[in-house]
Amino acid sequence: MTEAIALPITILILIGIVTFTFFKSTDDLVVYALAATVSLVGIHIHFGVSFYLSRIIVIAFLFTIFIKYLRDCKFDYPTLFLSKFFAIFVLTILFQIISTLMSPRIPEGLRQIAIHVALMTIFMIIVATSKNIATITNAIKIYLGVGFLQSLYGIYQVWGGSFNWITYQKILAYLKIPTANDHTYNGFLYSGLYKTFRAIGFYPADVSHYAGYLVGVLILTASFLIYNRRLVWPKIIFALGFCAIILSFSRSGMITLLFIGIPTLLYLLTRIKPGALFEFSKLLLIPMVAGSFLAYIVFDGKSIFSISTQETQFTKMLSDRYGDLTLNSLTNKNKFESLNEHIETRIAGLKAFSTSPFFGVGLGVNASPWKSNDYPRGWGGSHSHHLDMLGQTGLIGAILQTWFMVLVGKYMWKAFNIGSKNDSSRYLLAGLLASYVAIIIGNFLYHYFNLDIVWFLIGSGIALSRLRILRESGPIEVKSFNGIIQKGLR
């Protein structure tokens with residue numbers, strides 16, 4: 001059987017297995033499955049397009065509810081509540097289509113639109129299937145469990161890079177399973193600028209996405225720990241995660257955590273518990289120190305392995321496989337890791353916006369760069385999601401996106417300010433809200449918004465907020481569009 005036939009069949013079998021599992025189970029399993037897979041973006045099968053594990057679950061779930069609807073003629077999800085978000089999503093996608101059709105990058109733009117539709121679908125599924133607060137709490141614990149593995153793997157990559165230890169990329173290569181957008185070599189990312197390997201985890205295309213992911217993991221872990229100081233697992237995850245984000249050497253990730261995420265979380269926690277600041281410093285100082293020390297031990301070439309040995313072994317690996325390709329030819333392009341390039345791409349984004357302020361230059365510049373007379377190298381996107389959307393979709397697209405962001409923030413803030421102060425779900429919501437603020441503001445520094453993890457966290461925050469408001473305010477009965485009696489919001 002050829003690879004062209006084997007891969008689609010493999011995908012269909014996986015979708016079939018997941019569909020059958022969902023058909024025989026509760027909606028909780030869907031939330032848990034997404035919690036476990038949204039951050040494993042490096043594990044996927046590629047043939048023309050990439051099928052991530054989370055996308056397979058989304059397709060299978062949609063197929064499952066379609067079959068159930070044909071069988072039972074009912075749809076018992078909060079359609080009235082979701083309608084406001086659905087309306088924003090439809091307007092956003094319609095405008096993106098118009099913007100794309102006006103640009104010379106129609107195939108690339110349509111591909112980006114398909115990604116946006118998938119992300120929005122993850123959000124809708126999480127909100128629709130989360131029927132109780134315990135489901136969200138357990139899903140976040142699963143999510144943090146994967147964060148524990150991601151942190152370990154990141155540390156492993158920095159430590160084992162010079163020794164050419166086994167990685168999952170080697171395993172996939174041995175099994176002849178194709179992947180895409182892998183910027184690592186055998187699972188390792190070497191930085192010529194820092195003269196060391198960098199932690200990238202299961203994010204083979206972008207180390208800053210890995211760091212941005214760890215920001216949410218660390219914030220949520222801290223919220224669990226402040227609620228219950230006796231828990232041990234949050235301390236372990238926080239120490240490893242803090243070590244991993246340092247070893248990623250991602251400036252945007254560390255700035256987002258230390259100057260946006262943690263301060264926002266502390267502000268929210270002090271509204272619940274006045275002494276949260278002191279408690280935070282007391283409980284998390286040790287994990288932060290331990291994580292920093294572990295990062296120093298792993299990174300310090302004098303205590304474990306010399307940088308010269310690291311370079312020699314890595315150069316040998318490249319030479320053995322690629323002949324004339326050497327480490328210097330691979331890593332001397334330091335300008336691609338410099339702040340100057342980040343500033344340049346932001347300026348190019350503003351120039352793109354100025355040429356078409358209402359509709360933008362169209363999506364897909366990351367695949368087919370936008371070019372102008374005064375920017376001959378081509379603009380492939382800024383190191384800022386907000387500038388990306390402003391340049392690619394113009395003012396209208398940016399307004400639609402901001403509308404959604406404000407709606408999400410206001411709703412989560414409303415839910416945070418109701419209910420008992422000592423409620424565990426309020427601490428969890430503080431972590432989700434702080435993660436959301438960190439993501440939104442951090443998008444000025446990088447582009448995190450088009451990641452599955454972000455839409456999972458936003459969906460979890462809205463779902464938890466809805467459930468808290470329903471519990472505190474009391475449900476009222478309203479009719480959905482298909483006549484099924486459902487719970488709405490006051």
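Okay, quick definition before anything else: when I say helix, I mean a DSSP run of H or I at least four residues long, numbered from the N terminus. And a reminder that what you're looking at is a predicted model.

Let's start with the second largest pocket. Which helices each supply at least two residues of its lining? That would be H3, residues 53-72, then H4, and H5, residues 106-129. H4 gives the largest share of that lining, with seven residues. In total 18 residues line the pocket, and the ones nearest its centre are Leu 62, Phe 86, Met 120, Thr 121 and Met 124. The space in there comes to about 520 Å³.

Now, H4 itself. This helix covers residues 79-101, so 23 residues by the DSSP assignment. From first C-alpha to last it reaches 31 Å, close to the 33 Å expected at 1.5 Å a residue. H4 does have a kink, though, of about 30 degrees, centred on Phe 85. Phe 85 is also one of the buried residues of H4. Others on that buried list include Phe 81, Leu 82, Ile 88, Phe 89, Thr 92, Ile 93 and Gln 96. Keep in mind that an α-helix has 3.6 residues a turn, so residues three or four places apart point the same way.

Most residues other than glycine have a negative phi. Here are two with a positive one. Asn 164 has a phi near 55 degrees, and it sits in the loop between H6 (133-160) and H7 (168-174). Phe 249, also not a glycine, has a positive phi of about 55 degrees, and you'll find Phe 249 in the loop between H9 (233-247) and H10 (251-272).

So, are these two buried or exposed, or something in between? Asn 164 has 30% relative accessibility, so it counts as partly exposed. Phe 249 is at 13%, and therefore counts as buried, since the cut-off for buried is under 20%.

Last stop is Asn 443, in the loop between H16 (424-442) and H17 (452-473). Asn 443 is buried, because its relative accessible area is 0%. What does it touch, leaving out residues up to four places away in sequence? Ser 384, His 385, His 386, Tyr 448 and Phe 449.

That's my tour, happy to chat.

Technical notes: Residues are numbered from 1 along each chain as its sequence is written. This is a predicted model: local features need pLDDT of at least 70, side-chain atom pairs count only at pLDDT 80 or more; totals for chains, interfaces and linings use all residues. Side-chain values use heavy atoms; hydrogens and water are left out. Buried means under 20% relative accessible area, exposed over 50%, partly exposed in between (1.4 Å probe, protein chains only). Contact means heavy atoms within 4.5 Å. The expected span of a helix is 1.5 Å times one less than its number of residues. The bend at a residue is the angle between axes fitted to the seven residues ending there and the seven starting there. On a 1 Å grid over the protein atoms alone, a cavity is a set of points where a 1.4 Å probe fits but cannot get out, and a pocket is an open set with protein on both sides within 12 Å along at least five of seven lines; lining residues have an atom within 4 Å of a point. Grid points are joined across faces, edges and corners, and a volume is the space filled by probe spheres set on the points.
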